[in-house]
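Subject: Handover of a protein structure

Dear colleague,

Please find below the structure that I am handing over to you. My findings follow it.

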Amino acid sequence: MYPTAVQEQQMLLHCAHARYVWNLAVEQHSHWQKGRRSAPGFAEQCKQLTEARAASEWLRAGNVDVQQQALKDFAYAKQARFSAGFGEPTWRKKHKHEGFRVIGTDRVPACRDDGTPLLNGKGKQVMSRSVVVRKLNKHWAQVKAQAADGYGSGSPAANRRTRKRFG
């Protein structure tokens, strides 16, 4: 990806929020001992995240989808330790374990390159995913995603096309 300086800072902030939420989940689960009530699951942690966002301006400034996806990834990692044998999820460290995931399940109006709406055969607006990845070749893919500074706005004008090198 070739983000602008503002987009890069926003993505680093997303990384920091995802790492913070992940590490809180690791901390909660590390205090569990045999004979105690089980550590909170994904749904309970999402409720706790809502409370934490209300109390923390820094956390509230981040994208809730990124933060909840970190919790979902943590829950998946906890389950994978049994089925895949990966062991317990561990702490994420700054500059070493950076990253976040955005699952583009929400729909946005599809538009042509010139900005005009894309219509189906019945004359209705075609809806598409907010994040679309198209592999171009062995090393490159094209990612169509909402701008880092306007993610979730639903505005097709905020869409950006970037390329990411694999490997």
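I begin with Q67, which lies in helix α4 (residues 64-83); helices (H or I, at least four residues) and strands (E, at least two) are DSSP runs, numbered from the N terminus. Q67 counts as buried because its relative accessibility is 0%; buried means under 20% relative accessible area, exposed over 50%, and partly exposed in between (1.4 Å probe, protein chains only). Residues up to four places away in sequence aside, Q67 touches H17, V21, L49, R53, L59 and G62, where a contact means heavy atoms within 4.5 Å.

Two notes on the source are needed. This is a predicted model, in which local features need pLDDT of at least 70 and side-chain atom pairs count only at pLDDT 80 or more, while totals for chains, interfaces and linings use all residues. Residues are numbered from 1 along each chain as its sequence is written, and side-chain values use heavy atoms, with hydrogens and water left out.

Overall architecture

The protein has four helices and five strands, in the order α-α-α-α-β-β-β-β-β from the N terminus. It has 167 residues, of which 30% count as buried. Of the contacts with a separation of 6 or more, 48% are between residues 24 or more positions apart.

Confidence

The mean pLDDT (the predictor's confidence in each residue, from 0 to 100) is 78 for the protein, and 80% of its residues reach 70 or more. Among the elements, α2 has the highest mean pLDDT (94) and strand β5 (residues 159-165) the lowest (43). The pLDDT is below 50 over residues 147-167, a stretch with 56 contacts in the model beyond near neighbours in sequence.

The nonpolar core

A nonpolar core is a set of buried Ala, Val, Leu, Ile, Met, Phe, Trp, Tyr and Cys residues joined through side-chain atoms within 4.5 Å. The largest one here has 13 residues, and V21, W22, L49, L71 and F74 have the most contacts inside it. Helices α1 (5-30), α2 (42-55) and α4 each supply at least two residues of this core. Apart from its neighbours within four places in sequence, F74 is in contact with W22, A25, V26, H29, Q45 and P89.

Salt bridges

Side chains of opposite charge can pair when their charged atoms come close. A search of the whole structure finds three salt bridges, each defined as a side-chain nitrogen of Lys or Arg within 4 Å of a carboxyl oxygen of Asp or Glu. One of them joins the side chains of E98 and R19 (2.6 Å, N to O). This pair links distant parts of the chain, 79 residues apart: E98 is in the loop between α4 and β1 (107-109), and R19 is in helix α1. R19 is buried, because its relative accessible area is 13%, whereas E98 is partly exposed at 34%.

E88 forms a salt bridge with K78, with the closest N and O atoms 2.8 Å apart. Here E88 is in the loop between α4 and β1 and K78 is in helix α4, ten residues away. R81 also forms a salt bridge with E88, again with closest N and O atoms 2.8 Å apart. Through shared partners, K78, R81 and E88 are joined into one network.

Yours sincerely
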